[in-house]
Amino acid sequence: MSTTSHRSNFPTKPAANPDAIIGGGDAKYRFTVLTPGLLRYEWAPDSHFEDRASVFAINRRLPVPSFRTVTQNGILEIMTDNFHLTYDEGEDFSASSLSAGVKGTFSCHSSVWRYGEECGNLGGTARTLDCADGRIELGPGVVSKNGFTTIDDSKSMLFGADGFVATRHSGDGRVDGYLFAYGHDYAGAVKALYALSGNQPLLPRWALGNWWSRYYAYSDKEYLELMDRFEKEKIPFSVAVLDMDWHVVDDPKVKASGKTGWTGYTWNKDLFPDPEKFLKELHERKLRVSLNDHPADGVQNYEDLYPAMAEALSHSTEHSDPIHFDITDRNFLNAFFDVLHRPLEDQGADFWWIDWQQGSHSRIPGIDPLWVLNHFHFVDNKLHHKRPLTFSRYAGPGSHRYPVGFSGDTIVTWDSLAFQPEFTATASNIGYGWWSHDIGGHMFGGKDDELSTRWLQLGCFSPILRLHSSNSQWTRKEPWTYGPEAEKVMTAFLRLRHRLLPYLHTMNARSATEGVPLVRPMYWAYPEHEEAYEVPNQYLFGLSGSGLLVTPITAPQDPKLRLAKTKGWLPPGRYVDIFTGGVYNGDRSLWISRKLEDYPVFAKEGSIIPLDAATEPGNGEANPDSIEVLIVVGADGAFELLEDDGSENSAEEVKWTRTPIKYSQADGTVTIGPSTGDVVKDRGWSIRFLALGEAKEITVSVGSGKRIARQERSKNGILVQVGGVGPASKATISLGPNPVLRENDLEAFIRPILADAQIQFRLKEQIWQIVAAKVPATRKVSSLLALEGVEENLREAILEYMLSE
């Protein structure tokens with residue numbers, strides 16, 4: 001294989017099956033029925049239709065779904081299980097000539113799409129959060145409360161047969177659109193998107209751990225000392241990001257060139273005298289390395305690789321003219337990767353952080369440089385890595401094929417934090433499941449221990465956790481640069497992120513194979529509940545059955561109570577807060593109040609969440625030696641733990657080691673294994689039953705042998721030690737038939753709230769008398785509501801537990 005053929009080897013199937021096509025030929029219109037709920041509609045004044053792949057649509061050759069067509073009196077009808085389209089044959093597309101009724105009632109009267117009209121889109125995502133301080137406008141997704149929506153693909157970039165970029169046919173009036181008619185089956189709409197546009201790829205497991213990043217001119221010694229300090233503090237990382245100061249920036253020769261120094265490919269030898277040795281030492285610490293690249297200024301004459309680039313491009317060096325950046329020139333693109341990037345990768349760089357901020361225009365109209373950079377960086381990364389990765393901004397629908405997304409330079413404010421959960425979850429509406437944010441914010445703002453801690457907690461339950469900050473000496477993200485309370489909590493959540501790797505990697509695999517992003521809005525699972533649309537910051541984390549429900553805290557605490565609150569909605573069912581062990585009945589909205597150490601994350605009855613049992617996991621992404629499983633009794637549950645050695649490429653090719661974990665409510669039994677596959681050896685197991693009520697007798701057996709069930713009680717439940725289990729063995733943990741969740745101990749939950757509250761002692765005593773009274777909950781609530789002098793936040797914090805069940 002040549003050095004460039006791997007970038008051309010991009011499999012596409014852009015031409016649809018002829019049996020799925022209506023019209024075309026000499027007609028000016030063409031319809032393609034891609035799935036029962038996905039229709040392509042085209043208008044070409046010259047009857048020249050487009051069968052090349054676009055950045056959005058790379059696979060139109062899908063199995064032909066069942067559909068019927070009827071043509072009568074000049075009206076064409078197309079009928080599938082999802083929609084009934086009518087078209088005045090031969091007429092220009094308009095709201096009058098082209099419409100489709102979606103089966104089901106999703107609005108007050110009917111669900112009819114008319115060409116050109118607004119569809120009530122629930123939103124997708126945006127190119128960047130650069131300089132955003134709160135909410136911004138989002139691009140389109142493929143889901144709508146109205147049951148239908150469209151994606152306009154008329155102007156997107158194309159791929160030619162040779163794998164390089166291409167432009168569309170010239171001429172005005174061309175239409176290339178896609179109708180998604182999936183009603184309230186939002187997951188179905190996104191799966192149709194993936195069928196057309198390609199699945200999310202399987203991320204390397206190490207990408208799911210903690211990333212360290214900072215815009216700061218570290219020396220090699222400073223960076224390694226920092227990594228060693230993290231190790232000493234037992235704070236794990238898996239990725240080390242080097243921002244732009246890895247290359248020369250303030251050097252006199254840069255200033256002499258008249259450039260800013262933002263673009264660069266020559267190591268700053270004052271900071272990194274031996275780059276290869278430095279990168280090797282990072283790898284020895286089990287860290288993957290990303291280098292920042294702002295490519296817009298091309299290659300200047302002071303770069304070490306300038307002569308090689310000039311030779312590759314037949315660029316005259318007589319006057320030392322710079323080599324301009326033109327990613328739409330195939331010769332430049334090949335040299336960009338093979339001459340400019342490859343030597344740095346050979347030294348040890350694992351992937352590139354593409355920091356493109358120069359807009360969507362290139363030398364060729366219609367070609368967005370960000371699209372070209374994202375696509376070819378990703379496919380080029382396959383040369384050295386089984387599971388390629390890039391790190392860049394969102395270029396538009398179809399960008400989910402090129403993870404990970406860099407959301408840009410965010411501002412350090414509560415408003416920025418308040419928008420990020422919604423921004424992350426809503427991106428799943430366009431299939432974009434792997435956003436990475438500047439956790440803690442990048443610039444401006446001010447020091448706020450609470451804000452930084454809440455942001456990191458959100459990061460723990462985000463697709464990617466990457467700490468980042470600006471080059472100011474005051475904006476730092478090391479936990480020990482904050483107060484003792486914040487440091488303790490930050491450290492705990494950074495450790496928790498690595499403990500979550502078994503769960504996260506399983507969800508990574510299922511996202512790649514089942515077409516369901518890790519983070520999703522509540523309305524995906526509860527589309528007929530209006531409350532699900534009213535909590536945009538609340539989201540589902542993980543796939544159904546064993547997913548978590550996260551209700552982020554994005555506002556500062558009440559200083560009198562030392563509690564922060566957020567409004568949430570619990571769907572029907574019963575839930576346990578995985579941190580506090582509080583039990584909640586669902587099907588209601590509620591205010592949730594938490595101390596800084598706690599975060600509102602709920603697991604439903606039947607949930608099974610596997611963790612690394614190590615409370616202080618190390619760097620990297622190794623499969624753990626011991627597993628701790630969180631289980632919520634009350635309903636049957638099942639989870640298949642997926643592990644591998646990282647040696648294969650796509651999720652479909654991986655020889656997964658599979659370990660089934662099942663819980664049966666009727667007999668109160670958990671079973672683990674046996675495992676199938678080559679990765680797992682003997683390992684330890686433990687089960688943490690969250691908020692478990694009284695169990696008569698807990699028994700443990702492995703194979704045919706019984707073991708002593710060692711138990712430890714904790715704030716959130718009971719930990720049962722199973723001990724070592726071989727991969728061919730089956731472990732059984734029995735609680736007895738139909739175990740139940742415990743009742744909340746109101747005094748235990750409410751006493752700390754009152755103890756911390758900065759209020760009058762007399763008022764505390766009055767509240768406590770109400771809490772401790774041996775009367776029905778309704779009387780307690782009534783008495784609390786009638787008590788004068790109780791501020792709203794305190795009343796809500798107490799009512800949360802009084803009304804929890």
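With a disulfide taken as a pair of cysteine sulfur atoms within 2.5 Å, the count comes to zero disulfides. The model is predicted, so local features need pLDDT of at least 70 and side-chain atom pairs count only at pLDDT 80 or more, whereas totals for chains, interfaces and linings use all residues. Residues are numbered from 1 along each chain as its sequence is written, and side-chain values use heavy atoms, with hydrogens and water left out.

Accessibility classes rest on relative accessible area, with buried meaning under 20%, exposed over 50% and partly exposed in between (1.4 Å probe, protein chains only). Cys-131 counts as exposed because its relative accessibility is 52%. Cys-460 counts as buried because its relative accessibility is 0%.

**Helix pairs**

Helices (H or I, at least four residues) and strands (E, at least two) are DSSP runs, numbered from the N terminus. Axes are lines fitted to C-alpha atoms, for helices over the stretch in contact, and angles run from 0 to 180 degrees between N-to-C directions.

| Helix pair | Angle | Axis separation |
|---|---|---|
| α13 (746-756) and α14 (761-772) | about 175° | 11 Å |
| α15 (777-786) and α16 (792-802) | about 175° | 11 Å |
| α11 (484-499) and α12 | roughly 50° | within 5 Å |

Angles under 35 degrees count as roughly parallel, over 145 as roughly antiparallel, 65 to 115 as roughly perpendicular and the rest as oblique. Helices α13 and α14 are therefore roughly antiparallel to each other. Their contact (heavy atoms within 4.5 Å) involves Leu-746, Glu-747, Ile-750, Arg-751, Leu-754 and Ala-755 of α13, together with Lys-764, Ile-767, Trp-768, Val-771 and Ala-772 of α14. For residue classes, Ala, Val, Leu, Ile, Met, Phe, Trp, Tyr, Cys and Pro count as nonpolar, Asp, Glu, Lys and Arg as charged, and the others, Gly among them, as polar. The contact of α13 with α14 thus has eight nonpolar, no polar and three charged residues.

Helices α15 and α16 are likewise roughly antiparallel to each other. Ala-777, Lys-780, Val-781, Leu-784 and Leu-785 of α15 make the contact with Arg-795, Ile-798, Leu-799 and Met-802 of α16. By class, seven residues of this contact are nonpolar, none is polar and two are charged.

**Sheets**

Two strands pair if DSSP finds at least two bridges between them. Five bridges pair β5 with β6 (residues 75-79) in the antiparallel sense, and Thr-69 stands opposite Ile-78 in β6.

Another open sheet of five strands has the order β29-β30-β34-β38-β37, with mixed pairing. Its edge strands, β29 (608-612) and β37 (710-714), each pair on one side only. Neighbouring strands are turned by 25° against each other on average, direction ignored. Strand β37 runs antiparallel to β38 (residues 717-725), joined by five bridges; Gly-717 in β38 is the bridge partner of Ser-714. Helix α12 (residues 501-514) packs on this sheet, touching β29 and β30 (626-631), and its direction makes about 120° with that of β29.
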